[in-house]
Structures are given as structure tokens and as C-alpha cells.
Amino acid sequence: SSSSSSSSSSSSSSSSLVVKRYSLSSAPASLVNNLVKKKILKGGIGGGGGGDYCADEYTYSCEDAGANAVKVEVYVAATGERVATTTTRKDIAGWMKSKSAARAARRDDDETATTTTTSSAGLAASTATEPIPPPPPPPREDIEEADYLKAQLKWTLSMNGGDPNDKAVCELVDALEAHWKSKRTQQSDDEMLSLWSNKIWKAITRAEFPGSLGLDEHGRPLFTLTRMSFGRFQPGNTKVAIIGISNEVGDASYVFDVLFEVKDGPAEGLVGCMRSLASHQYVGDGARFDIMFHSGTFAPSRSVECDASASRIWASAFGLHSPVSHLEGGIFTAMDSSGAQEYRFLDAIEGYVDVLYLDDDMRITRGNQGSVQVVVN
């Protein structure tokens, strides 16, 4: 819906159409790996490649380039500036409509790519609409029940803005929970732990911190900094919009990242990340994991950190305020040269999550405060 700097590069056949842009964080893994391989993410979007970049700050578009080719363009979300153009195979870009077609396309090794990259510093959050998948197909005998229910759940959440309390979502979650529990007796604890650990999960339900201020103009949840950080960081009345939430789970580690955009004050438009560090332990009571939070950080995104002017604004907005906590026994450090502030609890803050559904692709949990979160691998 916003103006674009890519009109000059659009094909004549699509000159009257709006080419939809999607958040790079939602791109197929095959496409992201392809962009890294071509040095686009490393050279054009910065950060060392291999996923070491802030995906939510960039968008991409795909246009049919004929035969087995797709033209992919990558943009800075906030400004619409194009930073890379390349051509790749349709199956790599997630263009194929069926597995058989994708397999046939993969046999075609006649890929040609021309790549142009320019440097840019994106200072604001993604304003692109997340891609809406097509409605799930009707049930078929060759589609497993869980796969069909998951497809329905993803589609429903994409249509309702990620609301986990929607009636249809609750019914699908209940159906998946019942299906999973019926199979749970066949699954060992080791198998469950292998599905739970060593993955990076991305939330497709929206954030449910207490004290929501509603949604911003892009449909993202709004909170004060006090609410989002549970009173740990200042100035507490600063409004922030949640861009996305991810959760990296290791063998024992549990990292919870909240990417946000500042919505008012001197740092308006800048992007930051609040990271909570914890450990996890399988309780075995049904399917419960204890989560013990011990430390965390509040820091600007890489695009802000790498831009001198934006870094100064961030430091002025947040560095002059001493971090506080409503919990006793916390140790906080002043802002460092990168703009990050850290805190550490003397005694871990404990919570738990109950697993409602878990496989290689999706995890559904209910936290100790009752909120349901759906994440995808």
C-alpha cells in the first residue's frame, strides 16, 4: 500500500498491478539460504550471512520471470528502497504448487542469476503485511489429520491477526492437542526432548503481555515499555509495537527474543530487541517444562547499531535512564557502547509451559499465566 522505489524495475506486464511484498522473516528457508549463498544477505543486508541479520526489517517480492525462473527483489521495509535483485528457480522461492512439480523443477539445473546489491541502513520496523497462505485444502485420505489441522490453524491465524483467543483457533488447538495426546503414549521422553530442543521457533500468535494498548496502523500489538519489559527498563511510558517473537531452544538454554519498534518519543521509528535468557527442564508431569529466567538484554537492532546517527538517538532516549525492576535481587548494568543494557537476577524467576502439541514443524504451549502460543520451526 506504500509507494515503492521499484516501479522502474517492474515488468511491463505487471505495471498496473501492485506487487505484494512480504517480510523476509517469512521467506522459505530455501530462498533465504539461496540469498546467503549469493552473498546478498551478507553483502547487501549485512551481518555476516547465515541468518545473522534482522529479517523483520526487510521485505521481498517475487515475480514470474517465465519458464522456471522467479525475479526476487529485497527492500528496506521502512523506506521501500531496493537493496538487491536476483533471479532464482521457482521451487527455491516457494513458487511451486506441488511436490511433484518441485521435484521436476529441481532436476532443471539451468539456473542463471544476476545480482545487484547496494548498502542501506533500515531504521524502522517492517511495515509489510505478512503473507496470507491460501485456504487449506479439503480433507483427503492421503493427508494426515495433524497436517490438515495445522494448515487450518496457520491459515486462521494469518486471517485473524494472530489472535490466539479466537473461537476457531481454540477449537483447532483443542483438536491438535487431542490428536497429539492420542499419539503421546507411543513417544518416549527422549523423542519429545529432541523435538523440543535445538530449534528456533517463530511465534505466529501475537504477543499477549498484560496492559495492551491495542494495535498500531499495521495491526501490531502496542504496549508501553514498562508493560513489555515488566518494569525493568525506562522511560516506562514509551510506546512500542511488537514486530515479532522468536524462541531459540538449546539442550538446556531457552532464549526469548521480542523485536519491537519505538512508536513515540525521540527514538520513534527505531527498532530494538528485548532478549530474555533462561534455562529449561523437562518436568515429566504430562508434558511440562519449567523455565528459569536468569538474565536478559535490551538493545538496538543491528541496523541502528551500525548507523551513527541512529545510535546517538537510541543512547539519548534510553541510555540516560537507569534500568529498574519491580523484582528484588536484580543487578543491572549501564548501557554499553553498542547501546545494550543488561540485567541479571540473583535468584532465577521461575515459570512453566505445558505442551499442547509438538512436532518438527509446530509447537503449541500454554504458559503458567494461561496464554496460548503457537510457534513454527
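Tyr254 is buried, with a relative accessible area of 5%; buried means under 20%, exposed over 50% and partly exposed in between, using a 1.4 Å probe and protein chains only. Before going on, this is a predicted model, where local features need pLDDT of at least 70 and side-chain atom pairs count only at pLDDT 80 or more, while totals for chains, interfaces and linings use all residues. Residues are numbered from 1 along each chain as its sequence is written, and side-chain values use heavy atoms, with hydrogens and water left out.

Searching the whole structure gives twelve aromatic pairs. Rings of Phe, Tyr and Trp (its six-membered ring) pair if their centres lie within 6.5 Å; planes under 30 degrees apart are stacked, over 60 edge-to-face, the rest tilted. Tyr254 and Phe293 make an edge-to-face pair, 6.4 Å centre to centre with 80 degrees between the planes. Tyr254 is in strand S9 (residues 253–262) and Phe293 in strand S11 (residues 288–300), so this pair ties together parts 39 residues apart in sequence. Strands here are DSSP runs of E, at least two residues, and helices are runs of H or I, at least four, numbered from the N terminus. Phe293 is partly exposed, at 25% relative accessible area.

Phe260 and Phe298 are a stacked pair, with 5.5 Å between centres and 20 degrees between planes. Phe260 also lies in S9 and Phe298 in S11, so parts 38 residues apart in sequence are tied together. Both Phe260 and Phe298 are buried. They belong to a cluster linked by ring pairs, together with Phe233, Trp314, Phe318, Tyr343 and Phe345.

In H5, the buried residues are Val169, Leu172, Val173, Leu176, Glu177, His179, Trp180 and Arg184. They cover an arc of only 170 degrees around the axis, which puts them on the same side of H5; the arc is taken from the directions from the helix axis to the C-beta atoms. The partners that these buried residues pack against include helix H4 (145–159), helix H6 (189–196) and strand S10 (271–282), where contact means heavy atoms within 4.5 Å.
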